[in-house]
Amino acid sequence: MDTLQSKTSFEEWTEQKSNGRFTNWLKAIHQEKWESVINHRFTNELGEESLDKDTFSQYLVQDYAFVDQLVKLIGHAIGTAPSLEDRIPLVNFLGQVTSEENTYFQRSFEALDIPEKDQTDPQLLPATKKFQQLMAEAGRSLNYANIITVFIVAEWSYLSWASRISERSYSKFYFGEWVSLHANPEFRSFVDWLRNQLDQIGPTLSTERQQEISELFEQSLDCEQAFFDSAYL
Ligand SMILES: Cc1ncc(C[n+]2csc(CCO)c2C)c(N)n1
């Protein structure tokens with residue numbers, strides 16, 4: 001992949017591509033940060049099942065608080081989506097996150113002996129708070145493009161690293177299911193649908209707004225990176 005300047009506009013980039021998706025432009029201009037997130041040490045150790053149990057426990061506790069804020073963001077996406085047709089996949093996805101994904105956390109907390117207090121009212125790390133703030137801000141903007149940009153980074157990056165390490169079998173269910181939750185055909189098609197939403201809106205925006213979306217994409221990647229980093233603190 002050729003390295004692109006983060007200043008390369010969508011217009012310039014797309015002129016050289018046939019059928020260049022807006023979300024591929026976002027990924028291309030933030031390639032370095034993207035690669036760093038999806039090849040993070042945390043994901044590599046998870047893939048080798050060599051991840052320390054305490055490291056994973058701390059991550060899961062923080063992630064449960066993250067997911068709560070993400071559920072609120074999906075609520076904002078549902079409210080700001082342009083039509084009922086666009087709302088339906090979001091509603092269905094919300095249903096999954098609050099059912100299958102929620103029970104995964106409950107079972108894992110039990111298996112990992114996570115104290116009750118950490119499950120319901122954990123001490124949040126700075127990286128978790130910062131990510132929550134970014135999501136809350138995107139929600140408050142009531143702007144569908146902003147909202148789904150943050151959402152896309154969260155989902156697409158997880159699909160990417162999980163797909164890379166999903167071939168092997170895992171002996172611990174809390175490792176194996178954390179991978180398979182993010183590497184399955186339904187999730188893949190939802191991420192593709194979500195990207196398509198932004199692929200349609202992106203090219204209609206002004207250059208300034210496209211740049212703002214790019215900055216938000218980058219901030220979200222920074223938050224993902226810091227979130228993984230902080231599992232090792
Ligand atoms: C920091 C952080 N970023 C992204 C995700 C990914 N994610 C959050 S909810 C959800 C829906 C279905 O699993 C997905 C993919 C995460 N868990 N933690």
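Of the 13 residues around the ligand, which come nearest? They are Phe66, Val97, Ala154, Tyr158 and Phe227, where a residue counts as near a molecule if its C-beta atom, placed from the backbone, lies within 6 Å of it.

## The ligand shell

Helices here are DSSP runs of H or I with at least four residues, strands are runs of E with at least two, and both are numbered from the N terminus. The largest share of the shell, four residues, is supplied by α5.

By residue class, the shell holds eight nonpolar, one polar and four charged residues. Ala, Val, Leu, Ile, Met, Phe, Trp, Tyr, Cys and Pro count as nonpolar, Asp, Glu, Lys and Arg as charged, and the others, Gly among them, as polar.

## Basis and confidence of the model

This is a predicted model, in which local features need pLDDT of at least 70 and side-chain atom pairs count only at pLDDT 80 or more, while totals for chains, interfaces and linings use all residues. Residues are numbered from 1 along each chain as its sequence is written.

The protein averages a pLDDT of 95, and 98% of the residues score at least 70; pLDDT is the predictor's confidence in each residue, from 0 to 100. For the complex, the predictor gives an ipTM of 0.94 and a pTM of 0.95.

## Overall architecture

The protein contains twelve helices and zero strands. Its C-alpha atoms fill a box of roughly 55 × 40 × 35 Å along the principal axes. Of its 233 residues, 31% count as buried, meaning that 20 or more other C-beta atoms lie within 10 Å of the residue's own; 12 or fewer make a residue exposed, and values in between partly exposed, with C-beta atoms placed from the backbone.

## Helix α10

In helix α10 (residues 173-180), Phe175, Trp178 and Val179 are buried. They cover an arc of only 100° around the axis, and therefore lie on the same side of α10; the arc is that of the directions from the helix axis to the C-beta atoms. The buried residues of α10 pack against α4 (41-47) and α9.

## Two loop residues with positive phi

Aspartate 113, in the loop between α6 and α7 (116-120), has a phi near 55°, a positive value in a residue other than glycine. Aspartate 113 is exposed, with 8 other C-beta atoms within 10 Å.

Leucine 142 lies in the loop between α8 (126-140) and α9. The phi of leucine 142 is near 50°, again positive in a residue other than glycine, and leucine 142 is exposed, with 11 other C-beta atoms within 10 Å.

Definitions and conventions:
Two residues are in contact if their C-beta atoms, placed from the backbone, lie within 7 Å.
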